[in-house]
Amino acid sequence: MEVPMDVAGGKSSCPDVSTLVQSLQQALALEAKFQPKLQLPSTASNTGESGEITCAMRDGAAHVLRCLKVWYDLPSAVLLDALNMMDRFMSRMKARPKHLSCIAISSFHLAACQWVERVKQNNNEASSLQSPLQVVPEPQDLVTISQCKCTAGDINRMEKIVEAKLACLPQEEPVTTLTFLNLYHSLLSTTLPAALQPDLLILSCKLETICCDANYAAFPSSLLAFALLFVEMKCHQPAIEVIIRDVLLELQRLVQVKDDKLKECIRMVTSVMAPYDGYAQSNPSHRQRLTWKLSRRTLKQLRPTEKLVNVLPTIEENRQFGQVQKRSRRSRLTPHKMRPVSPGAVLSSLPLPFPTKEDLTSFFDNFVAASPYSFRFLYGLEEESPSTA
């Protein structure tokens with residue numbers, strides 16, 4: 001099936017309307033074969049690794065695959081093909097939560113292999129210029145980056161199981177929501193001017209976000225792509241709704257989409273995209289918990305500040321004279337009891353400051369005022385009186 005793909009990393013051409021309509025009919029015929037039928041529970045009945053895979057677990061694995069897609073700068077087709085394979089596999093097989101990460105990574109690696117083979121088979125100037133990567137990511141690198149609890153051998157074995165259960169052919173291209181989105185965009189480009197056409201890159205990014213939610217599997221791929229296109233063009237082109245409405249109605253008639261199903265799918269699309277409109281004001285729903293793995297040489301260069309406690313000894317305000325705080329040899333960070341000592345020992349152990357001029361004056365005025373001998377001049381307190389002959 002010849003499908004024009006500008007963002008997906010495949011073919012890029014501008015065929016006529018008849019060719020596009022024929023490709024759309026072929027995609028509609030193969031839609032049921034590649035449509036996942038997920039029936040995952042919203043909450044787990046049994047906790048632990050022996051329970052069931054929930055929708056939240058599946059969405060978390062999908063967001064990890066999206067991070068890998070961004071990491072390797074792969075096109076949207078790789079991610080959507082991987083999500084399609086993962087969901088179709090879980091629709092046919094009952095897997096445990098401990099196997100979910102292995103299934104997701106193996107589906108991603110299988111989708112990347114198939115995409116690279118299709119790019120090599122096309123081998124034209126347009127596809128070679130638009131494909132940023134021609135090498136399949138290594139399974140060990142995928143395991144390290146995703147930090148899944150499996151090995152490269154587990155990825156290779158699970159990949160063969162997924163390929164056998166889904167009956168994947170080497171050169172077969174799965175029909176996903178991105179396939180219909182590219183066909184719809186190509187049909188709109190033949191009717192609408194360039195200023196009124198939606199951006200295919202933005203549509204692909206939004207489609208990735210929607211497919212990371214498990215609720216997308218409840219709608220056919222053709223309906224989901226049309227609902228996303230309807231929401232995008234309605235939001236960004238309010239001034240010329242008449243022209244766009246006529247084009248969308250003609251496209252809806254061609255795809256044979258019912259109004260009630262379209263409204264239900266539009267509500268799902270808007271509910272999934274609503275948190276991303278105010279992304280800066282809200283926290284993301286899914287976060288990958290990564291752990292930094294450092295070598296011994298790097299650890300030697302870092303300061304071990306994790307176990308340091310900034311607790312200083314408490315200074316007592318009403319402490320009596322002669323009580324000295326003494327630290328224990330076991331710990332230098334916690335305060336300990338103080339024992340009384342004699343004043344002489346304290347004076348002998350502590351360095352005494354040099355007496356000031358005011359201290360000497362007070363000493364002579366109070367203690368040696370009655371002495372007939374004047375020694376004040378020895379300390380520079382007053383000048384010596386001249387002697388009389």
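In which type of crossing does H1 pass H8? The crossing is left-handed, and the legends below place this pair within a predicted model.

**Notes for all views.** In this predicted model, local features need pLDDT of at least 70 and side-chain atom pairs count only at pLDDT 80 or more, while totals for chains, interfaces and linings use all residues. Residues are numbered from 1 along each chain as its sequence is written, and side-chain values use heavy atoms, with hydrogens and water left out.

**Figure 1. Overview of the protein.** The protein contains 15 helices and two strands; these are DSSP runs numbered from the N terminus, with helices being H or I of at least four residues and strands being E of at least two. Of the 389 residues, 38% are buried, where buried means under 20% relative accessible area, exposed means over 50%, and partly exposed lies in between (1.4 Å probe, protein chains only). The accessible surface is about 24,900 Å², and carbon and sulfur atoms account for 55% of it. Such areas come from the Shrake-Rupley method with a 1.4 Å probe, and for residues only the protein chains shown count as cover. Among contacts between residues at least 6 apart in sequence, 72% join residues at least 24 apart; a contact means heavy atoms within 4.5 Å.

**Figure 2. The packing of helices H1 and H8.** Helix H1 (residues 17–29) and helix H8 (residues 177–189) have axes 10 Å apart and pack at an angle of about 160 degrees. Axes are lines fitted to C-alpha atoms, for helices over the stretch in contact, and angles run from 0 to 180 degrees between N-to-C directions. The two helices are therefore roughly antiparallel to each other; angles over 145 degrees receive this description, those under 35 count as roughly parallel, those from 65 to 115 as roughly perpendicular, and the rest as oblique. H1 passes H8 in a left-handed crossing, a term used if the near helix is turned anticlockwise from the far one by less than a right angle, whereas clockwise gives a right-handed crossing. On the H1 side, Val17, Leu20, Val21, Ser23, Leu24, Ala27 and Leu28 meet Phe180, Leu183, Tyr184, Ser186 and Leu187 of H8. By class, this contact of H1 with H8 has 10 nonpolar, two polar and no charged residues. Here Ala, Val, Leu, Ile, Met, Phe, Trp, Tyr, Cys and Pro count as nonpolar, Asp, Glu, Lys and Arg as charged, and the others, Gly among them, as polar.

**Figure 3. The crossing of helices H4 and H7.** The axes of H4 and helix H7 (residues 152–166) come within 8 Å and cross at roughly 75 degrees. H4 and H7 are therefore roughly perpendicular to each other. H4 contributes Cys102, Ile103, Ile105, Ser106, Ser107, His109, Leu110 and Cys113 to the contact, and H7 contributes Asp154, Ile155, Met158, Glu159, Val162 and Glu163. The residues of this contact of H4 with H7 divide into eight nonpolar, three polar and three charged.

**Figure 4. Histidine 109 and leucine 100 in helix H4.** Histidine 109 is found in helix H4 (residues 100–122) and is buried, with a relative accessible area of 8%. Leaving aside neighbours within four places in sequence, histidine 109 is in contact with Val136, Pro137, Pro139, Leu142 and Glu159. Leucine 100 also belongs to helix H4 and counts as buried at 5% relative accessibility.

**Figure 5. Aspartate 81 and alanine 111.** Aspartate 81 is found in helix H3 (residues 76–92), and at 5% relative accessibility it counts as buried. Not counting residues up to four places away in sequence, aspartate 81 touches Ala111, Arg118, Pro174 and Thr176. Alanine 111 is placed in helix H4 and counts as buried at 1% relative accessibility. Its contacts, apart from neighbours within four places in sequence, are with Val78, Asp81, Ala82 and Met85.

**Figure 6. Two loop residues with positive phi.** Aspartate 73, in the loop between helix H2 (55–71) and H3, has a positive phi of about 55 degrees although it is not a glycine. Glutamine 256 lies in the loop between helix H11 (241–255) and helix H12 (259–277). Glutamine 256 is not a glycine, yet it has a positive phi of about 65 degrees. At 70% relative accessibility, glutamine 256 counts as exposed.
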